[in-house]
Amino acid sequence: MDDNRIGVLLVDDEQLVRTGLRAILESEPDLAVVGEAADGAEVPGLVARHRPDVVLMDVRMPSVDGIRATEHLLSTADRPPKIVVVTTFENDDYVYDALRAGASGFLLKRARPEEILSAVRTVVAGDSLLFPAAIRRLAARNARGAGRDGLRGANLTERESEVLRLMASGLSNVEIAERLFLGLQTVKTHVGNVLAKLGARDRTQAVIEAYESGFVSPSDGVRRS
Amino acid sequence: MDLPLRREARSLSFCEDRLVIRRILGPVTSRSTYRRWVFLVLGGALSAPYVLFGAVVVPSVLPLSTDDLASAFLLGGAGALVVLAATSLLPPVRALELAAIRELLDDPVPEAASGPVSGRARVRAGAMFVAHVLVGALISLASLMLPAFLGLAFAAPFTGSFGAGTDGPLLVPRGWASAWLPAAFLLAMLLLFHAVAGAGALLTRAAVAWLGPSAAERVALLERRTERLAERNRLARELHDSVGHALSVVSLQAGAARRTLRRDPDTAERALEAIEESARAALDDLDHVLGLLREERAGRAPQAGLAELPALLSATRAAGVEVDSEVRAEAAAVAPVVSREAYRILQECLTNVLRHAGKVPVTLRVAEADGGLELTVRNPVGAARDSARNGGGSGLRGIAERVDVLGGRLRAGRQGRDWEVAVWLPAGGRGGE
């Protein structure tokens with residue numbers, strides 16, 4: 001995208017889902033749908049050509065599903081777009097797999113248009129978690145017992161640990177700064193350090209990692225959803 | 001110093017004492033003993049006609065001398081046993097036993113079916129009846145005699161005689177020297193309680209073994225249950241996939257319509273059209289699934305197999321679909337399970353044609369091939385709905401599952417301008433039935 005609008009690529013095998021999403025996204029002046037694909041196999045080419053900021057990706061598709069397309073995109077594209085998985089049902093086992101594969105969040109197809117719009121803007125901004133409560137529920141369902149070291153290997157400082165906890169509870173960078181009486185830039189630095197130490201691509205991956213390692217538990221509660 | 005410890009030890013041994021006492025007196029205080037007793041006495045009462053037959057009818061018919069008591073006893077007993085065994089096979093016996101066991105032995109065989117049963121089940125129920133009558137007779141006899149003896153034993157230290165036996169009362173010393181008599185009979189009475197509890201437990205186990213479903217029946221029961229569960233899951237998935245999906249599209253398109261209504265009426269109109277279509281398709285799917293559910297509830301009758309194929313074809317033709325059918329296979333040549341599944345697969349194929357392509361001409365082939373059964377259903381791709389849905393969908397998945405279970409092969413897809421589903425099933429099914 002050469003203008004200032006957020007470019008979105010729609011990937012869904014059902015045309016009616018694509019037209020619906022397109023109509024909603026294009027009703028906003030700051031968003032533009034740059035392309036559509038009916039299968040994960042078409043994604044790399046379209047991403048290379050249109051360089052979207054966000055890909056709204058269906059999970060189940062006939063030949064290449066959303067999880068494989070996500071993995072492929074994140075491992076091959078340079079400066080890959082943010083990926084939001086679009087799903088019919090929240091308790092779809094594949095949704096969590098997609099998040100583990102590197103998707104920044106997920107979106108229900110039945111979400112209100114306003115939620116869909118804010119979800120796209122949220123993942124592009126990257127300074128807060130998309131639907132933290134839903135991610136917590138998914139983490140609770142998929143919690144694994146083995147190999148939980150509580151992120152001891154990551155050597156987080158006390159401040160960084162605190163920041164990660166607040167990230168997991170759904171606070172944005174600004175809210176974290178207010179909560180901890182820190183400057184916004186300092187919080188951003190801490191978040192950057194946390195991501196680097198965990199080897200996480202973005203906020204969502206770091207939080208998923210925090211849940212999986214037992215560093216935060218799904219029962220800790222979320223202050224904002 | 002060690003006082004608390006010792007107190008603990010004492011209370012522990014007190015506990016053990018209580019445990020022993022409960023062991024000894026348990027059957028006396030337990031309600032189930034008395035219910036078992038009623039069950040056993042019932043057996044004793046049922047034994048009365050057989051005892052009468054052995055004691056009165058057999059000796060009066062057979063030329064036996066009154067001196068030869070042993071052989072009279074033997075012959076009478078044998079005669080009574082033969083009649084008992086014969087009558088145990090009467091059909092009402094099983095129902096009677098089941099009713100008595102349900103009421104008095106706490107229903108150890110809840111899954112036992114009442115109603116008509118196989119010959120083998122009747123024999124097993126007969127064995128239960130015989131055991132009930134014989135054990136019941138013994139316990140009943142003891143239950144009649146012991147209380148009388150107990151009364152006499154308590155009187156003996158005072159009267160000096162134990163009034164039993166045919167040769168007049170037995171003389172015993174008066175006073176404490178005969179105190180062991182009531183004690184011994186009290187002990188015997190206690191043993192009787194234990195015998196009742198034990199015999200009841202024994203007959204309960206016998207009931208489980210003889211009146212409960214046999215291993216084969218149990219397997220069949222389990223299979224039926226599994227089948228029902230699989231069917232339910234299939235329906236749930238179908239609802240999930242079709243209706244849930246369509247409603248998602250409806251809500252999404254409705255949101256789009258709302259946001260574009262003023263600025264872009266054309267887009268809004270298209271969205272409304274999509275909503276209309278999706279809702280209609282969802283209702284069709286709902287109809288289909290609810291139809292299956294109703295069918296399942298009504299469908300206690302044996303499932304249709306290939307032999308019922310002509311009826312299915314004429315029903316499909318009646319629905320307005322032109323079917324060109326060619327059946328070159330004997331329904332009897334394949335295992336029943338394969339025949340049933342083949343029927344269901346063809347049924348689903350025809351339903352899918354109606355749902356997705358509409359009333360188009362269908363070609364249906366059934367043939368024996370490669371030591372199995374080959375099913376082919378072919379129809380021109382309908383113009384009406386195909387763009388809205390992507391290919392086969394849920395119906396095809398159901399077929400794939402059936403094929404998979406039997407270890408067959410499935411090929412489905414476009415063949416030129418036609419849609420074709422081709423299935424091969426091994427004649428014996430996987431592992432047979």
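A residue is buried if 20 or more other C-beta atoms lie within 10 Å of its own, exposed if 12 or fewer, and partly exposed in between, with C-beta atoms placed from the backbone. With 10 C-beta neighbours inside 10 Å, Asp370(B) therefore counts as exposed. This is a predicted model: local features need pLDDT of at least 70, side-chain atom pairs count only at pLDDT 80 or more, and totals for chains, interfaces and linings use all residues. Residues are numbered from 1 along each chain as its sequence is written, while chains are lettered from A and ligands numbered from 1 in the order in which they are written.

**Confidence**

- The model scores ipTM 0.80 and pTM 0.52.
- pLDDT is the predictor's confidence in each residue, from 0 to 100.
- Chain A has a mean pLDDT of 86, with 93% of its residues at 70 or more.
- For chain B the mean is 78, and 84% of its residues reach 70 or more.
- Among the elements of chain A, strand β1 (residues 6–11) has the highest mean pLDDT (95) and helix α6 (residues 132–142) the lowest (78). Helices (H or I, at least four residues) and strands (E, at least two) are DSSP runs, numbered from the N terminus.
- In chain B, pLDDT stays under 50 over residues 384–392, for which the model has 11 contacts beyond four places in sequence. Two residues are in contact if their C-beta atoms, placed from the backbone, lie within 7 Å.
- Where pLDDT is low, the predicted coordinates should not be read in detail.

**Contact between the chains**

- Chain B brings 18 residues to the contact and chain A brings 16 residues.
- On the side of chain B that touches chain A, α7 (215–260) and α8 (265–298) of chain B are the elements giving two or more residues.
- α7(B) gives the most to that side, with 12 residues.
- That side of chain B divides into 5 nonpolar, 10 polar and 3 charged residues. Ala, Val, Leu, Ile, Met, Phe, Trp, Tyr, Cys and Pro count as nonpolar, Asp, Glu, Lys and Arg as charged, and the others, Gly among them, as polar.

- Helix α7 (residues 158–168) and helix α9 (residues 184–198) of chain A pack at about 90°, with their axes 9 Å apart.
- α7(A) and α9(A) are therefore roughly perpendicular to each other (65 to 115 degrees).
- Residues making this contact include Val163(A) and Met167(A) of α7(A), and Val187(A) and Val191(A) of α9(A).
- The largest nonpolar core has 79 residues, and those with the most contacts inside it are Leu56(A), Val84(A), Val85(A) and Met167(A). A nonpolar core is a set of buried Ala, Val, Leu, Ile, Met, Phe, Trp, Tyr and Cys residues joined through C-beta atoms within 7 Å.
- Another core, of 26 residues, lies apart from it and includes Ile345(B), Cys349(B), Leu375(B) and Leu425(B).

**Chain B**

- Chain B has 11 helices and 7 strands.
- Buried residues make up 24% of its 433 residues.
- Met189(B) sits in helix α6 (residues 180–211) of chain B. With 16 other C-beta atoms within 10 Å, Met189(B) is partly exposed.
- Leaving aside neighbours within four places in sequence, Met189(B) is in contact with Leu146(B) and Leu150(B).

**Positive phi**

- Phe181(A) is not a glycine, yet has a positive phi of about 55°. Phe181(A) lies in the loop between α8 (173–180) and α9 of chain A.
- Asp370(B) also has a positive phi, near 55°, and is found in the loop between β4 (362–369) and β5 (372–380) of chain B.

Definitions and conventions
Axes are lines fitted to C-alpha atoms, for helices over the stretch in contact, and angles run from 0 to 180 degrees between N-to-C directions. Angles under 35 degrees count as roughly parallel, over 145 as roughly antiparallel, 65 to 115 as roughly perpendicular and the rest as oblique.
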